[in-house]
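Trainee: I would like to learn how to read a fold from its strands, helices and pockets. Could we work through one case?

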Amino acid sequence: MREGMVLVPGGTAVIGSTSWYAEEAPLRTVEVGDVWFDRVPVTNADFARFVEDTGHVTVAETAPDAADFPGADPALLVPGSQLFTQTDGPVHLGDWTQWWRWQPGACWRAPDGPGSTWEDREDHPVVHVGWEDATAYAAWAGKDLASEAEWEHAARGGLAGRDFAWGDELNPGGSRLANTWVGPFPWRSDDPDGHHRTSPVGSYPANGYGLADMIGNVWEWTSTRWTDDHGTSPSPCCGGGSSLRETDRFVTKGGSHLCSPHYCQRYRPAARQGHGVRDTTSHVGFRCVLRP
């Protein structure tokens, strides 16, 4: 057995959904092999060991290239990341810029920007990491990122045709089974567990395969390039000799602590987002896999 990992048995799986968001359709039948998954997302403490060993500098710690952002204010072309900021009161949910802001100095070391530190949350998932940071960590660990199909199959925990990783109700019997937003988004967090942002990994029950935090807490990077149509079977990218562009996007899965019934109902295995490879944020992390 791989330490800290869970073997997810392969087989025939139906992924996607036709009941929620357009990018999740159509349903697809796929074949997946056996895959060892990290039981929980990579934590700040895990990532700190990687950085100490390799000297890796993350995307968020590197100033953006002015050539990629013609016309941008030079004052903004500094190391930093996108940070969720709770609003003072109700806002129109059609404008995400009201709760996201560019924060100079925000990175995995300082998750809330200057003055904060990862050491206060060693067991929380690492955030403000780009796709290249996730793949660099995976290579260092001798692992990989899951494909979208592998990830969704694992997130379902052995259940087929259910909306959520645990059944067809978000909160069965009033139980909270994942770190998702409670209260009116984005201005008031009423989380009864006190997890108003990320939570320590494994704080909520594992799914049927023994994997924790596959839903909520943080979105997770996969190795699959994004396409708007889920039915086009996007191919995983293994790097190769092609360089990534600022506009390249990969699939992230699982939703985050910001997903809310009032706004973003993506706390489901079928949910998917296309995330820019260097668009680091305070709600995207990752976990690794190992194929037998």
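Predicted model: local features only at pLDDT ≥ 70, side-chain atom pairs only at ≥ 80, totals over all residues.

Trainee: Which residue of S8 is the bridge partner of Trp 221?

Mentor: Trp 221 has Thr 252 as its bridge partner in S8.

Trainee: Which three strands form the antiparallel open sheet?

Mentor: That sheet has the order S1-S4-S11, with antiparallel pairing. Strand S1 (5-8) and strand S11 (289-290) each have a single partner strand, so one side of each has no neighbour in the sheet. Strand S4 (residues 35-38) is joined to S11 by two bridges, and the two run antiparallel. Within that pair, Val 289 of S11 is the bridge partner of Phe 37.

Trainee: Which helix lies across S1 and S4, and at what angle to S4 does it run?

Mentor: Helix H3 (residues 148-155) does, running at about 75° to S4.

Trainee: How many helices and strands does the protein have, and in what order do the elements run?

Mentor: The protein has three helices and 11 strands. Read from the N terminus, the elements go β-β-β-β-α-β-β-α-α-β-β-β-β-β.

Trainee: Now the pockets. How much space lies in the largest pocket?

Mentor: The general idea is that a probe the size of a water molecule, rolled over the atoms, shows where empty space is left. Here the largest pocket holds about 1,000 Å³ of space. It is lined by 42 residues, and the closest to its centre are Gln 82, His 275, Asp 279, Thr 280 and Thr 281.

Trainee: Which strand gives the most to the lining of the largest pocket, and what classes of residue does the lining have?

Mentor: S9 gives the most, with five residues. Strand S5 (80-84), strand S6 (100-104) and strand S9 (272-276) each supply at least two residues of this lining. By class, the lining has 22 nonpolar, 11 polar and nine charged residues.

Trainee: What is the radius of gyration of the protein, and what would a compact globule have?

Mentor: For 292 residues, a compact globule would have a radius of gyration near 19 Å; the protein has 18 Å, which agrees. Along the principal axes, its C-alpha atoms fill a box of roughly 50 × 45 × 35 Å.

Key: Residues numbered from 1 in each chain as written. Heavy atoms only, no water. 1 Å grid on protein atoms, 1.4 Å probe; cavity = no way out; pocket = protein on both sides within 12 Å on 5 of 7 lines; lining within 4 Å. Points joined across faces, edges and corners; volume = space filled by probe spheres on them. Helix = DSSP H or I, 4+ residues; strand = E, 2+ residues; numbered from the N terminus. Nonpolar A, V, L, I, M, F, W, Y, C, P; charged D, E, K, R; others polar. Pairing = 2+ DSSP bridges. Contact = heavy atoms within 4.5 Å. Axes fitted to C-alpha atoms, helices over the stretch in contact; angles between N-to-C directions. Rg over C-alpha atoms; globule rule 2.2 N^0.38 Å.
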